[in-house]
Each structure stands twice: as C-alpha cells, then as structure tokens.
Amino acid sequence: MNKDLFIIYIERLKNEHVEKIEETIAPDFLEIEENELSFKDPVHMKGRAYLTNKHLILDLQVKTSALLPCAICNLPTPQPIEEKLTLTVELSDTPSQVYDFSEDLRTALLLTVPQFIECEGGSCPHRKETEKYFSEPKEKIHTPFSDLD
Ligand SMILES: [Zn+2]
C-alpha cells in the first residue's frame, strides 16, 4: 500500500498553495477485518489541504461502505458511509514538516459505523420470527427450528 497517499508535505503548501486531494484507496489501510465489522469497498476521498498562519487545515469528503452483520439474521449487510473530515493541525506540532493523516481518517470512519444494522434496508425478513420468539410465553417449550425440518 502506498503510504504516500496519506502524507501532506507542509513545505509544498507554503505561499498559499492549496493541495487538491482526490484518491481512491483500497480499504486495507483500515486494518479492520472482523466478523462484526469489515471494509471491502475502496475508500474514496476528495478535498484539499492548505495552511493558515499557524495551522495545517485538511478538508476531506470521504465515501466508502462498511460491512456489518444484520442485528437479527446475521447476514453481512453493507452500510454506506459518507463523512466530512476536517482536521486542524498545529504547525508547531509537526516539526518534521510532514503530516500523515491515515490514523485520523481511520478514526473518523470508525466513528461513523452504526452499532446496529438491519438488512434489506431495515426490514429484515427474519424479523417476524424473532418477534414471535421474544413474545413466546416462557413456560411453553419453544422449538424455533422444528418447522424447518
Ligand atoms: Zn437480516
């Protein structure tokens, strides 16, 4: 993976130069590959970086899609993510004159992931079964899979 995609060279932004950013990146850099959450779609980012007197400003529009299991039937369900990321970095904090924003981007994306998701746009076909299951009186012996045989 080209780490350079996430690096801003502050030197190049001097004299009011605005750097345009438009990249589509494989989601590997997120390093998230779990049962509960994974990213398979590329991450598209578009925006700009520039300097003010004391700060580096980064404005990014980020689009991708996360994959989460449906809260009811567990089917992997895509959740589109569209997030605006604005970073303000003190120039005095970056003596190296380079800023790597991959970690900021990763954190911003993770914060947008919902805790629960339901497949079929919120009407999971298995919802009815689950509701039946939960409303079943406790003393009755319930065999939820008996009618599947
Ligand atoms: Zn479902």
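Colleague: Does C119 count as buried or exposed?
Modeller: This is a predicted model. The limit for buried is under 20% relative accessible area. C119 has 3% relative accessibility, so C119 counts as buried.

Colleague: Which residues coordinate the zinc ion?
Modeller: The donor atom is SG in each case, at 2.3 Å from the zinc ion. In sequence, the donor residues follow the spacing C-x2-C-x45-C-x4-C. The residues are C70, C73, C119 and C124.

Colleague: How many residues apart in sequence are the parts that C73 and C119 tie together?
Modeller: C73 sits in the loop between β5 (55–69) and β6 (76–90). C119 belongs to helix α2 (residues 119–122). The pair therefore ties together parts whose separation in sequence is 46 residues.

Colleague: What is the arrangement of the four donor atoms around the zinc ion?
Modeller: Four donors count as tetrahedral if all angles lie between 85 and 135 degrees. Here the donor atoms subtend angles of 106 to 112°, so the arrangement is tetrahedral.

Colleague: Which residue has a side chain joined to that of E118 by a polar contact of 2.8 Å?
Modeller: E118 is in the loop between α1 (102–112) and α2. A polar atom of the E118 side chain lies 2.9 Å from the backbone nitrogen of C124. Beyond four places away in sequence, E118 touches several residues, including C70, C124 and R127. The side chain in the 2.8 Å polar contact belongs to R127.

Definitions and conventions
Residues are numbered from 1 along each chain as its sequence is written. This is a predicted model: local features need pLDDT of at least 70, side-chain atom pairs count only at pLDDT 80 or more; totals for chains, interfaces and linings use all residues. Side-chain values use heavy atoms; hydrogens and water are left out. Donors are N, O and S atoms within 2.8 Å of the metal (3.2 Å for Na, K and Ca); water is not among the atoms, so sites may look incomplete. Four donors count as tetrahedral if all angles lie between 85 and 135 degrees; four count as square planar and six as octahedral if opposite donors are over 155 degrees apart and all others between 65 and 115; anything else is irregular. Helices (H or I, at least four residues) and strands (E, at least two) are DSSP runs, numbered from the N terminus. Buried means under 20% relative accessible area, exposed over 50%, partly exposed in between (1.4 Å probe, protein chains only). A polar contact is a pair of N or O atoms within 3.5 Å; within protein, one must be able to donate a hydrogen and the other to accept it, and residues adjacent in sequence count only if both atoms are side-chain atoms. Contact means heavy atoms within 4.5 Å.
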